[in-house]
Amino acid sequence: MRISGRRIVNAQLTVLSCVAAALLAGCGLHHKAEAVRIQNQRSWANKYAMGNWMDRRKAVREIVRYIGPQKNDLIIGTLKVASIDPHPAVRIEAMKRIPLIKSDELSVLLKKAAAGDRDGNVRWYALQSLRLTRDPASADVYVRGLASGDWLIREESIRGILELDEAVIRPRLIPHIIRALGDPRTSVVISTLNGLKIRDDALYRAITGKLFAASEHDYSMLEAVLTALEGYSLDPKTKEKVINLLLHNNYRIRVLSLRVLKKDRGNKKAGE
């Protein structure tokens, strides 16, 4: 059965018409969804402007659900105002949401809050969010945090330092890490040991100092020290100490000691 050329052309035109109609419908749906997104931004921005502190906190939490590839000015504007809101709970919510959207202005406000918000809780949340950005320009903020009288601020500050790239840490931040290893608060010391990723002679001396100072009953400290030691080539005295820990009554400490010794032996073989 022969099909005429005219029928083939008509069929092709029909298919093209269907495709064009589908594309137009898709574009229409996209524009409608975009309009709804902007309207939701506007609605939550207005609720922030008109509400009490609980309404404002909820508005900050909800408005970021409508972040898009562009047209986010209302969200950025709301977060800017919320970052200096008189109520700390609203500022905390802003600190938690700022990393969700790219904005140089918001980054500056986040660093400012992390460096010294008048409320310690807000500052802690700001430091936590800042750590997620791994921004090398935040190093000075963390160094300042290490001088805080609040151990939670010091702990979050050293965590932030240890999340930075080695190229940022090595030139000038190692002395600050060693300072954190000598912190009077055990939680700060353990967080530092657990977060260490780089190897350095000065750090090794500080870590082994914690090893010899730790009580055999201080399981958390011993575990953290052994975790930090993994990958180093051990000096004889430290090696002997770690070998003795193979007989420790805590299973986790025995396993970590064995790992340290295996890595030490591997390093020695690689250097031969």
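K237 lies over the face of F212, 5.1 Å from the ring centre, and K47 is placed likewise over the face of W44, at 4.1 Å from the ring centre. A charge is taken to sit over a ring if NZ of Lys or CZ of Arg is within 6 Å of the ring centre and within 35 degrees of the ring normal. The model is a predicted one, in which local features need pLDDT of at least 70 and side-chain atom pairs count only at pLDDT 80 or more, while totals for chains, interfaces and linings use all residues. Residues are numbered from 1 along each chain as its sequence is written, and side-chain values use heavy atoms, with hydrogens and water left out.

**Aromatic pairs**

A pair of aromatic rings is described by the distance of the centres and the angle of the planes. The structure holds two such pairs, where rings of Phe, Tyr and Trp (its six-membered ring) pair if their centres lie within 6.5 Å, and planes under 30 degrees apart count as stacked, over 60 as edge-to-face and the rest as tilted. The rings of W124 and Y125 are edge-to-face, because their centres are 5.0 Å apart and their planes stand at 85°. W124 is partly exposed, with a relative accessible area of 21%, and Y125 is also partly exposed, at 26% relative accessibility; here buried means under 20% relative accessible area, exposed over 50% and partly exposed in between, computed with a 1.4 Å probe and protein chains only. The rings of Y204 and Y232 form a tilted pair, 5.1 Å centre to centre with 45° between the planes. That pair links distant parts of the chain, since Y204 lies in helix α12 (residues 201-213) and Y232 in the loop between α13 (219-229) and α14, 28 residues apart. Both Y204 and Y232 are buried. Helices (H or I, at least four residues) and strands (E, at least two) are DSSP runs, numbered from the N terminus.

**Salt bridges**

The structure holds 19 salt bridges, each being a side-chain nitrogen of Lys or Arg within 4 Å of a carboxyl oxygen of Asp or Glu.

| Salt bridge | N to O distance |
|---|---|
| D117 and R91 | 3.0 Å |
| R172 and D140 | 2.9 Å |
| E155 and R159 | 3.6 Å |

D117 and R91 are both buried. The salt bridge of R172 and D140 likewise links distant parts of the chain, with R172 in helix α9 (residues 166-172) and D140 in helix α7 (residues 139-145), 32 residues apart. R172 is partly exposed, at 42% relative accessibility. By contrast, E155 and R159 both lie in helix α8 (residues 151-163), four residues apart, about one turn of the helix. E155 counts as buried because its relative accessibility is 8%, whereas R159 is partly exposed at 31%. Salt bridges that share partners join R131, E155, E156 and R159 into one network.

**A helix face and a surface patch**

In helix α3 (residues 73-82) the buried residues are I75, I76, T78, L79 and A82. Seen down the axis of α3, these buried residues fall within an arc of 165°, so they line one face of the helix; the arc is that of the directions from the helix axis to the C-beta atoms.

On the surface, I243, L246, L247 and L258 form a nonpolar patch with about 370 Å² of accessible area together. Patches are made of residues with over 30% relative accessible area and no salt bridge, like charges being joined within 9 Å and nonpolar side chains (Val, Leu, Ile, Met, Phe, Trp, Tyr) within 5 Å, and accessible areas come from the Shrake-Rupley method with a 1.4 Å probe, where for residues only the protein chains shown count as cover. L247 lies in the loop between α14 (236-244) and α15 (251-271) and is exposed, with a relative accessible area of 76%. L258 is found in helix α15 and counts as partly exposed, at 39% relative accessibility. The C-alpha atoms of L258 and E230 are separated by 9.7 Å, the two residues being 28 apart along the chain.

**Positive phi values**

Most residues other than glycine have a negative phi. K71, which is not a glycine, has a positive phi near 55°; K71 lies in the loop between α2 (53-63) and α3 and is exposed, at 55% relative accessibility. R134, also not a glycine, has a positive phi of about 50°. R134 lies in the loop between α6 and α7 and is partly exposed, with a relative accessible area of 44%.
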